[in-house]
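Hello,

Here is the structure I promised to pass on. My notes follow below it.

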Amino acid sequence: MTLSKPAAAPQTASSRGPAPALYPWPAGKTSAAWISIDVDADTPLLWRLREASDDAYLSEREQRQYGLRAGLRHLLQVLARHEVQATFFVPGLIAARQPALLPDLVAAGHEVGLHGFAHEATREISTDAFAEALEASIATFLAQTGQRPAGFRAPGWELTRPMHALLHEQGLYDSSLAGLDHPYTLDGVLELPVSWNREDTARFKMTGLDARWPPTSPVVVLQEWLFDWEACAAAGGLFTLTLHDWVSGRPGPARVLDQLLARIRQDETAWLTTGVDLAAHDRQLAPDLRTAFASAGP
Ligand SMILES: [Zn+2]
């Protein structure tokens, strides 16, 4: 049910003509683009094998180790070339194993956000276990950066309502859901929507015999994401790109990001920003300009 409806925002002329008043972006901007990078490395595999005693899946382990060995560095180089700040969602376990990672990302001007502690699959844990992982992650981030993280992204983009309520208690924004094409509030939590159309593992990930599809060519993905960004910008929405260190850090996919950013940066009406800045912008809007919903039931 809708608690309040978005008021009509003033339309701003752009090279594409007047944008629809989907959301009140900052002055001069008619859409937004956000580069988000989930630094999963090998944590999803470790979670999957947490009760296994053997050292299986060496091939997948090595694929994933590429992220912290090389992939992250390649992505940071692309971002630096375009002077773009991104948001890195990092499992607490990765931060604990690599104590310089979060401080280095923050020193480079990027935002760091929460992504579970051990990349726990939320469907497989209790609400209490989720709360413990959240608190342990916040404590790790606070100890390593001196700052409390502003945002959270659920592993696998899946949450339960009680877990979502814990994000509200912690005052975090969330970026796991996809209920609209622009920021909105659900049960008091600011949502920065994601999209499977703008996610890399569904296109490039192939870990062996359990693969559900062959990898897509980076050439095809570049065309796809350029098309989707243009459509999203024309509609006045938020284009959230979700990448992974071990997937998009490879040369071909990293070049996709390079060419996509080159194109987006040509459009002065597109606000290329971070999650924390998107959240700050939304929170300073007048209440009648924000979009809020309440989900049904507990
Ligand atoms: Zn993840």
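Helix H2 (residues 58-81) and H10 cross at roughly 15°, and their axes come within 10 Å. Please keep in mind that this is a predicted model. H2 and H10 are therefore roughly parallel to each other, since angles under 35 degrees count as such. Their crossing is right-handed. On the H2 side, the contact is made by His74, Leu75, Val78 and Arg81. On the H10 side, Ala254, Leu257, Asp258 and Leu261 take part.

Helix H8 (residues 218-234) packs with H10 at an angle of about 30°. The axes of H8 and H10 are 9 Å apart. That makes H8 roughly parallel to H10. The crossing of H8 and H10 is right-handed. From H8, the residues that meet H10 are Pro218, Val221, Leu222, Trp225, Leu226 and Trp229. They meet Gly252, Pro253, Arg255, Val256, Gln259, Leu260, Arg263 and Ile264 in H10.

Now H10 itself. It covers residues 251-265, 15 residues in total. From first C-alpha to last, H10 reaches 21 Å, close to the 21 Å expected at 1.5 Å a residue. Which residues of H10 are buried? They are Pro253, Val256, Leu257, Leu260, Leu261 and Ile264. Seen down the axis of H10, these buried residues fall within an arc of 125°, so they line one face of the helix.

Next, H6. In this helix (residues 161-170), Met163, His164 and Leu167 are buried. Seen down the axis of H6, its buried residues fall within an arc of 105°, so they too line one face of their helix. What do the buried residues of H6 pack against? Their partners are helix H5 (127-145), strand E5 (151-152), E6 and strand E8 (189-191). Glycine 171 follows H6 and has a positive phi, near 70°.

Strand E6 (residues 173-174) holds tyrosine 173. Tyrosine 173 is buried, because 24 other C-beta atoms lie within 10 Å, and 20 or more are enough for that label. Leaving aside neighbours within four places in sequence, tyrosine 173 is in contact with Ala150, Gly151, Val189, Leu190, Leu192, Gly275 and Ala279. The C-alpha atoms of tyrosine 173 and serine 31 are separated by 19 Å. Along the chain, tyrosine 173 and serine 31 are 142 residues apart.

Last, two backbone points to look at.

- Alanine 41 has a positive phi of about 45° although it is not a glycine. Alanine 41 is found in the loop between strand E2 (31-38) and helix H1 (43-48). Is alanine 41 buried or exposed? Alanine 41 counts as buried, because it has 27 C-beta neighbours inside 10 Å.
- Glutamate 83 is a residue other than glycine with a positive phi, near 55°. Glutamate 83 lies in the loop between H2 and strand E3 (87-90). With 10 C-beta neighbours inside 10 Å, glutamate 83 counts as exposed; the cut-off for exposed is 12 or fewer.

Best wishes

Methods:
Residues are numbered from 1 along each chain as its sequence is written. This is a predicted model: local features need pLDDT of at least 70, side-chain atom pairs count only at pLDDT 80 or more; totals for chains, interfaces and linings use all residues. Helices (H or I, at least four residues) and strands (E, at least two) are DSSP runs, numbered from the N terminus. The expected span of a helix is 1.5 Å times one less than its number of residues. The arc is that of the directions from the helix axis to the C-beta atoms. Axes are lines fitted to C-alpha atoms, for helices over the stretch in contact, and angles run from 0 to 180 degrees between N-to-C directions. Angles under 35 degrees count as roughly parallel, over 145 as roughly antiparallel, 65 to 115 as roughly perpendicular and the rest as oblique. A crossing is left-handed if the near helix is turned anticlockwise from the far one by less than a right angle, and right-handed if clockwise. Two residues are in contact if their C-beta atoms, placed from the backbone, lie within 7 Å.
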